[in-house]
Amino acid sequence: MYKLNEPEAMSAKVEDLLLIIQNVSFCYFSPNPDAQPLVEAIFDGYDPEVVCAAAMDKGYNLGKGREAFDDLMTQLVDEKLAVPTGEPSKEGAPELPPPTGEEPVLIRYDDLREMLALDPIFTN
């Protein structure tokens with residue numbers, strides 16, 4: 001029951017990597033491989049509780065209990081990347097890919113040059 005906070009934020013995919021740009025702070029965000037499908041499912045209109053349960057069922061590393069998922073949701077809202085919408089627009093659970101074992105995190109870049117230098121998609 002969240003969506004991308006447009007026009008304050010926008011997202012794009014570059015070679016399957018989700019990039020989120022906060023248009024007020026001009027910060028860039030890149031979810032790691034285990035956060036990306038969760039963020040995409042949330043932005044697609046799935047209930048975050050259902051996304052979290054699906055991730056747990058699939059074996060995602062959500063930390064103690066579900067700390068990593070709660071931290072991810074908090075960051076999406078606090079950074080003004082996601083806003084509540086009310087009812088979920090998608091029913092059921094999202095199809096999630098197998099996890100890599102990393103805790104899902106959203107990496108913040110304050111400078112585009114920093115992201116371009118550090119992100120593997122741009123250094124290969």
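Axes here are lines fitted to C-alpha atoms, for helices over the stretch in contact, and angles run from 0 to 180 degrees between N-to-C directions; contact means heavy atoms within 4.5 Å. The model is a predicted one, in which local features need pLDDT of at least 70 and side-chain atom pairs count only at pLDDT 80 or more, while totals for chains, interfaces and linings use all residues. Residues are numbered from 1 along each chain as its sequence is written, and side-chain values use heavy atoms, with hydrogens and water left out.

The protein has five helices and six strands, where helices (H or I, at least four residues) and strands (E, at least two) are DSSP runs numbered from the N terminus. Read from the N terminus on, the elements follow the order β-β-β-β-α-α-α-β-β-α-α. Two overall values are set out here, with areas taken from the Shrake-Rupley method with a 1.4 Å probe, and with buried meaning under 20% relative accessible area (1.4 Å probe, protein chains only).

| Property of the protein | Value |
|---|---|
| Share of the 124 residues that count as buried | 40% |
| Accessible surface | about 6,800 Å² |

Carbon and sulfur atoms hold 52% of that accessible surface. Among contacts in the protein with a separation of 6 or more, 68% come from residues 24 or more positions apart.

Four strands form an open sheet in the order E2-E3-E4-E6, with antiparallel pairing, two strands being paired if DSSP finds at least two bridges between them. Strand E2 (9-14) and strand E6 (106-109) stand at the edges with a single partner strand each, so one side of each has no neighbour in the sheet. On average, and with direction ignored, neighbouring strands of this sheet are turned by 25 degrees against each other. Within the sheet, strand E3 (residues 17-22) and strand E4 (residues 27-31) run antiparallel and are joined by three bridges, and Gln22 has Cys27 of E4 as its bridge partner. Helix H1 lies across E2, E3 and E4, at about 60 degrees to E3.

Helix H2 (residues 48-58) has as its buried residues Pro48, Val51, Cys52, Ala54 and Ala55. Seen down the axis of H2, these buried residues fall within an arc of 165 degrees, so they line one face of the helix; the arc is that of the directions from the helix axis to the C-beta atoms. Their cover includes strand E1 (2-4), helix H1 (36-43) and helix H3 (67-78). Just after H2, Gly59 takes a positive phi of about 95 degrees.

Technical notes:
Buried means under 20% relative accessible area, exposed over 50%, partly exposed in between (1.4 Å probe, protein chains only).
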